[in-house]
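Welcome, and please open your viewer with the chain drawn as a cartoon. We will go from the whole chain to single residues, one selection at a time.

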Amino acid sequence: TIDLLRIQLLILQGMSEIFQKQLLEAEEHMLEALQMLEGLGLEMEPISCELYNSIAQMMIMKHKDWHLNKENRCKALAQIWVESVEGMKELREEVKIVKQHYKDRKLYINDEEAHNKSKLVLLKARTTLLMEIEEDTTLQSVEAAFRYLVRSLEIMEKAHRTEIHPTIATACLAV
């Protein structure tokens, strides 16, 4: 029917947006397709598997994207911290340590160079700390993706019973 075509178009549009890294738009279209599918009472039918697999892929992409951007987020936060009152205080202390280190080795370092070296040390340390403590906000998405893939697998197993259908094999590999 026309509703099934609309669902297929929403899935296709969502998949296109996933590969264009437009994950929010993809999520909107996938959810709209899911609501239409549920409205038709087809959420446990084989036709729903394509949607469930696409939603799972989108959720995994969100998780992957979050991890790819983690270091950049932490570096930006570290830069903000270094420029804060607390960070500037630690920077002055680090400059003293660097200058003393050079003095102990009978080497010369000018103020600007000591400042830059100290700032790099603090930025690296703060970035490392932030990366260690930052919680993964996408773990629920990964768990939901797993549930969608398992649901898809269960639907296909029920539909094809004892036959090994290529769609079942694909769902198994995804899980």
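**Stop 1: the whole chain**

Keep in mind throughout that this is a predicted model. Colour by secondary structure and you will find 7 helices and 0 strands. Turn the model along its principal axes, and the C-alpha atoms fill a box of roughly 80 × 30 × 20 Å.

Of the 175 residues, 33% are buried. If you show contacts between residues at least 6 apart in sequence, 67% of them join residues at least 24 apart. Colouring by charge brings up 22 positive and 29 negative side chains, with the centres of the two sets 11 Å apart.

**Stop 2: the largest nonpolar core**

Which residues touch the most other members of the largest nonpolar core? Select Ile18, Met30, Leu51, Ile55, Met58, Met59 and Tyr148, which hold that place among its 25 residues. The elements giving two or more residues to this core are helix H1 (2–19), helix H2 (23–39), helix H3 (48–82) and helix H6 (139–160). H3 supplies the largest share, 8 residues. Apart from this core lies another one, of 13 residues, including Trp81, Tyr102, Ala114 and Leu130. As background, nonpolar side chains in soluble globular proteins tend to be buried together.

Return to Leu51 and display its surroundings. Leaving out residues up to four places away in sequence, Leu51 touches Ile11, Met30, Ala33, Leu34 and Leu37.

**Stop 3**

Next, select Ser152, which sits in helix H6. Is Ser152 buried or exposed? Its relative accessibility is 1%, so Ser152 counts as buried, the cut-off being under 20%. Beyond residues up to four places away in sequence, Ser152 touches Cys49, Tyr52 and Asn53.

Then move to Glu17 in helix H1. Glu17 is buried too, with a relative accessible area of 8%. Show the contacts of Glu17, again without residues up to four places away in sequence, and you will see Gln22, Leu23, Glu25, Ala26 and His29.

**Stop 4: two lysines in loops**

Most residues other than glycine have a negative phi. With that in mind, select Lys21 in the loop between H1 and H2. Lys21 is not a glycine, yet has a positive phi of about 65 degrees.

Where is Lys106 found? Look in the loop between helix H4 (85–104) and helix H5 (111–133). Lys106 also has a positive phi, of about 60 degrees, without being a glycine. With a relative accessible area of 76%, Lys106 is exposed, whereas Ser152 from the previous stop is buried.

Terms used: Residues are numbered from 1 along each chain as its sequence is written. This is a predicted model: local features need pLDDT of at least 70, side-chain atom pairs count only at pLDDT 80 or more; totals for chains, interfaces and linings use all residues. Side-chain values use heavy atoms; hydrogens and water are left out. A nonpolar core is a set of buried Ala, Val, Leu, Ile, Met, Phe, Trp, Tyr and Cys residues joined through side-chain atoms within 4.5 Å. Buried means under 20% relative accessible area, exposed over 50%, partly exposed in between (1.4 Å probe, protein chains only). Helices (H or I, at least four residues) and strands (E, at least two) are DSSP runs, numbered from the N terminus. Contact means heavy atoms within 4.5 Å. Lys and Arg count as positive and Asp and Glu as negative; His and the chain ends are not counted. The place of a charge is taken as NZ of Lys, CZ of Arg, CG of Asp or CD of Glu.
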